[in-house]
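Thanks for passing this one along. Here are a few notes to read beside the structure.

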Amino acid sequence: MAYNSIHHLSNVYNFYMTTYAPKSSTPYDSHKKSELRSVYNSIVKMNKESPLYILDTSKDSQEFAVNMKENARELRNTIASLGGLDEEELLNKKVAYSSNENIATATYIGPSETADDIPLYEIEVKSLASPQINMGKFLPGEASVTLTPSTYSFDVGIDDLNYEFQFNIKSTDTNRDVQERLSRLINNANIGMSAQVITDEKGNSSLRMESNATGLKDDKPYLFKISDNQTSKTAGAVQYFGLDYIASPSSNASFVINGEELSTASNQFTLEHNYELQLTGVSSEEGETASIGLRTDVESLTENVNTLVRGYNSFLRAVAEYSENQPKSNRLFNEMSSVAKVYAQGLTSIGLNLNLDGTLEVDSDTLQKRAMGEDAKEIFSSMKGFTNSVLRKTNQVSLNPMNYVNNVIVAYKNPGKNFASPYITSAYSGMMFNSYC
């Protein structure tokens with residue numbers, strides 16, 4: 001069992017989010033005080049006239065609510081990444097390119113107004129940042145553990161935190177039984193490392209442990225350290241299974257940008273606040289580089305439109321998956337797909353065709369032709385209107401995903417003579433914590 005002095009209740013939500021919904025963290029997930037105040041005011045206004053419900057709090061409904069909220073957030077962030085949430089800036093986001101994506105990929109994160117002054121970069125990758133890998137001893141998998149039956153423990157130091165793992169060894173346990181038990185303990189603890197049991201050609205098994213992070217930080221020679229020298233229960237398991245052996249130490253990425261040698265602890269980093277680079281491979285020969293720059297306005301516009309369409313279609317498909325188990329998901333699907341129907345004529349004129357299933361399909365030739373036309377700004381106004389409507393719908397779903405969960409109305413409030421009910425929205429989080437405490 002793992003013990004950690006920092007134990008957050010958010011683990012409950014994280015379980016649902018990582019299991020059922022996309023998980024990502026972007027700059028658009030941080031908010032100003034004014035934005036948070038606006039969300040609060042929207043919640044108060046929504047709750048003031050909301051009828052009283054009996055909600056379906058089954059696990060299926062919990063999964064559906066979290067999935068819809070997170071997919072709506074994902075679509076909102078996609079729209080925000082296309083130039084911000086201001087109507088004038090929508091679809092104006094500059095798009096970066098890499099001439100050799102086998103070495104590095106790039107995303108432009110700088111402001112549009114200074115994009116014309118950004119120089120071209122040439123990057124050569126000498127080595128990638130790597131994680132730490134500990135490899136335990138290969139022991140006969142079916143052989144009995146020779147350790148004395150008892151309660152054992154060992155400590156793992158990672159990210160300046162210490163975790164203690166406790167486990168029992170019985171007289172009937174085999175080496176593989178204990179190794180698999182330790183693998184589950186480490187993986188379920190979610191402390192920044194993973195473990196798996198591997199087998200060699202002779203049938204011997206070993207416990208392989210790998211850090212989630214890469215590189216070396218604060219001049220430490222390791223990312224995690226395993227020891228049972230000062231553990232609270234019986235010691236000896238670390239030496240017996242060889243858990244403390246570092247088979248492959250972590251290392252930093254090494255690369256050259258415009259002739260300057262640099263290194264980072266991660267394969268993903270920002271370059272002069274203009275690009276977010278992801279190193280994907282090592283230059284196959286000395287001098288092989290990737291050019292990093294910005295696409296033309298036409299290329300950027302068409303890429304932004306394609307990104308928006310992919311996000312929109314992904315959201316619709318996520319909703320459609322629940323059509324059989326969650327009847328109200330059909331209402332959400334119809335509400336979102338009807339937005340495209342309203343703008344269908346304008347969308348078709350720029351190369352976005354509406355399919356029978358509600359998704360959009362891009363005609364690349366028509367899209368590029370329209371983007372290069374002199375009246376592109378006027379023609380793409382319908383695209384901006386469509387985008388703004390989709391954005392408003394995602395905000396509504398994020399604000400109250402329970403609106404699309406099966407429920408029974410108990411009573412309507414007296415219109416115009418109500419007080420705000422600040423606890424109604426707690427049903428969303430409360431249903432997940434109900435069986436946790």
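This is a predicted model: local features need pLDDT of at least 70, side-chain atom pairs count only at pLDDT 80 or more; totals for chains, interfaces and linings use all residues.

1. Let me begin with helix H7 (residues 329-342) and helix H11 (residues 381-399). Their axes come within 9 Å and cross at roughly 165°. Angles over 145 degrees count as roughly antiparallel, and H7 is therefore roughly antiparallel to H11. The crossing of these two helices, H7 and H11, is right-handed.

2. Which residues of H7 and H11 meet? On the H7 side you will find Leu-332, Glu-335, Met-336, Val-339 and Ala-340. Facing them in H11 are Phe-386, Ser-389, Val-390, Lys-393, Thr-394 and Val-397. Sorted by class, the contact of H7 with H11 has seven nonpolar, two polar and two charged residues.

3. The other helix pair is H6 (residues 297-320) with H9 (residues 364-371). Here the axes are 9 Å apart and the packing angle is about 135°. H6 crosses H9 in a right-handed sense.

4. In the contact between H6 and H9, H6 supplies Val-298, Leu-301, Thr-302, Val-305 and Asn-306, while H9 brings Leu-367, Gln-368 and Ala-371. Five of the residues in the contact of H6 with H9 are nonpolar and three are polar, with no charged residue.

5. Now to the sheet, which is open and has five strands in the order S3-S18-S5-S14-S15, with antiparallel pairing. At its edges lie strand S3 (96-98) and strand S15 (260-264), each of which pairs on one side only. On average, neighbouring strands of this sheet are turned by 30° against each other, direction ignored.

6. Strand S14 (residues 253-257) runs antiparallel to S15 and is joined to S15 by five bridges. To find your place, look for Phe-255, which stands opposite Leu-262 in S15.

7. How many salt bridges are there? The count comes to 10. One that you can check quickly links Arg-73 with Glu-70, where the closest N and O atoms are 2.8 Å apart. Both Arg-73 and Glu-70 belong to helix H3 (residues 59-80), and they sit three residues apart, about one turn of the helix.

Notes: Residues are numbered from 1 along each chain as its sequence is written. Side-chain values use heavy atoms; hydrogens and water are left out. Axes are lines fitted to C-alpha atoms, for helices over the stretch in contact, and angles run from 0 to 180 degrees between N-to-C directions. Helices (H or I, at least four residues) and strands (E, at least two) are DSSP runs, numbered from the N terminus. Angles under 35 degrees count as roughly parallel, over 145 as roughly antiparallel, 65 to 115 as roughly perpendicular and the rest as oblique. A crossing is left-handed if the near helix is turned anticlockwise from the far one by less than a right angle, and right-handed if clockwise. Contact means heavy atoms within 4.5 Å. Ala, Val, Leu, Ile, Met, Phe, Trp, Tyr, Cys and Pro count as nonpolar, Asp, Glu, Lys and Arg as charged, and the others, Gly among them, as polar. Two strands pair if DSSP finds at least two bridges between them. A salt bridge is a side-chain nitrogen of Lys or Arg within 4 Å of a carboxyl oxygen of Asp or Glu.
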